[in-house]
Amino acid sequence: MGKLEDVEAEKKLWESDDAWELRKAFMLAHYDDYPKIQLQCLSQLFINVTLLGCEYSQSLMQKIRSMGAGIAASKDRSKTGNYVKASAAKKRQAVRPSDLEGASEDTKRQHVEKSPTPENESFNDRLQKLKSSLAMTPHHLTGEQMMKSATSSCLMKWYVKRVNQKIEITIDRYVAFRHTFSVSCEDANESAMNALIESIMSCVAAVNDDGDEIRFDGVPADECYAKSVGRRLGKIKSAVTNGAHTFKGLSTFLESVNMSLKQEPTKLEGWSEQLDLIADDMLIGSRVLSSTECTKPAKASIADEMSAHVCQLILKDGIRIINSAKSHSSLALQ
């Protein structure tokens with residue numbers, strides 16, 4: 001794949017043509033200077049600074065301005081009226097009665113219903129800054145460390161509420177994540193945090209109309225974990241295409257998107273066993289083994305077969321996630 005094709009593949013479905021043309025020019029200009037992941041982060045920061053008026057540390061602002069020198073001038077999109085800078089958005093006022101004098105009742109109702117409250121509008125701007133801050137946070141940190149660093153730089157607070165296996169995460173006063181994990185989930189807190197961070201980085205985040213939840217691409221907080229798991233399985237598709245379709249190979253693919261893979265054996269009657277494959281907190285494969293299949297080499301071979309089947313589902317976009325009735329997983333592949 002050539003440089004242009006590689007960069008073209010980076011366009012997001014929700015990204016406007018204006019923003020994309022500007023970001024594409026930035027990525028092409030620095031394609032050979034930075035690793036791909038770092039360039040993705042820098043290009044998004046460039047858009048945030050140029051089009052949205054976001055501000056970061058002095059050293060980072062200088063870096064972005066230096067890298068973007070000449071690009072913004074040659075592709076000036078900031079005056080087309082399609083974007084409102086964050087500083088200006090905070091000054092927006094709610095619709096006043098005098099603004100609607102002489103309008104029809106339908107028009108008045110539409111204006112009132114569609115006008116976001118200043119509080120939510122400002123918080124949505126801060127969510128965008130949180131996304132950019134997370135992009136610049138070292139990814140070798142744990143999810144909790146990343147969130148702590150990013151929210152601190154954005155002057156935001158986050159809380160984790162856990163009752164038994166149910167975890168709820170709020171950012172400021174808005175619920176962003178809610179899921180009940182299985183008792184066998186090795187680190188439910190980290191799984192929840194990884195799913196939330198992935199959702200922030202991959203989706204458009206905004207406060208819902210009721211003003212009590214942060215929704216990612218419109219998805220309620222209760223579905224955040226399942227949707228994140230599904231997206232992450234989709235993200236490893238290119239790696240699966242070229243990698244080994246074995247238990248070890250699948251484990252490596254999943255690790256790249258912060259998901260673990262383990263074998264969960266259960267003794268049955270006689271000498272038979274049930275072998276389950278668990279990815280994070282999702283059952284992705286299950287098989288009842290006969291007594292002759294319960295040896296270590298045989299189970300390793302069967303785990304490879306089950307992993308290969310999952311890899312094929314990923315390649316064929318055949319992933320469908322449902323709630324699990326198992327005690328060792330809260331989700332399952334269907």
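**Entry 1, the whole chain.** I began with burial: 43% of the chain's 334 residues count as buried. I am working from a predicted model, so I keep in mind that local features need pLDDT of at least 70. I counted the secondary structure next and found 14 helices and 10 strands. Then I looked at how far apart contacting residues sit in sequence. Among contacts with a separation of 6 or more, 53% join residues 24 or more positions apart.

Which residues have the most contacts inside the largest nonpolar core? I found Leu130, Ile171, Phe177, Ile214, Phe216 and Ile284, in a core of 58 residues. Helix α10 (residues 188-202) gives the largest share of this core, seven residues. I also checked the domains: domain 2 (123-222) and domain 3 (228-333) each supply at least three residues to this core. As a reminder to myself, nonpolar side chains tend to be buried together in soluble globular proteins.

My next pick was Ile284, which I located in strand β8 (residues 282-289). Is Ile284 buried or exposed? Ile284 counts as buried because its relative accessibility is 8%, and the cut-off for buried is under 20%. Beyond its neighbours within four places in sequence, Ile284 is in contact with Leu250, Leu261, Leu277, Ala279, Val310 and Leu333. I also took one C-alpha distance here: Ile284 and Ala332 are 48 residues apart along the chain, and 5.9 Å separates their C-alpha atoms.

I turned to helix α3 (residues 36-52) and helix α4 (residues 58-67), whose axes are 10 Å apart and cross at an angle of about 95°. That angle makes α3 roughly perpendicular to α4. On the α3 side I listed Leu42, Leu45, Phe46 and Val49, which meet Leu60, Met61, Lys63, Ile64 and Met67 of α4.

I looked up Ala135 in helix α8 (residues 118-136). Ala135 is buried, at a relative accessible area of 13%. With neighbours within four places in sequence left aside, Ala135 is in contact with Cys41 and Met201. I compared Ala135 with Leu45 as well: the two are 90 residues apart in sequence, and their C-alpha atoms are 8.7 Å apart in space.

Lastly I checked the backbone of two loop residues. Asn258 is not a glycine, yet it has a positive phi of about 60°. I placed Asn258 in the loop between α13 (247-255) and β6 (261-267). Asp280 is not a glycine either, and its phi is positive at about 60°. Asp280 sits in the loop between β7 (273-279) and β8. How do I class the accessibility of each? Asn258 is partly exposed, with a relative accessible area of 48%, whereas Asp280 is buried at 9%.

Note on methods
Residues numbered from 1 in each chain as written. Predicted model: local features only at pLDDT ≥ 70, side-chain atom pairs only at ≥ 80, totals over all residues. Heavy atoms only, no water. Helix = DSSP H or I, 4+ residues; strand = E, 2+ residues; numbered from the N terminus. Buried < 20%, exposed > 50% of the residue type's maximum accessible area, 1.4 Å probe, protein only. Contact = heavy atoms within 4.5 Å. Axes fitted to C-alpha atoms, helices over the stretch in contact; angles between N-to-C directions. Parallel < 35°, antiparallel > 145°, perpendicular 65-115°, else oblique. Core = buried A, V, L, I, M, F, W, Y, C linked by side-chain atoms within 4.5 Å. Domains from an automatic or database assignment.
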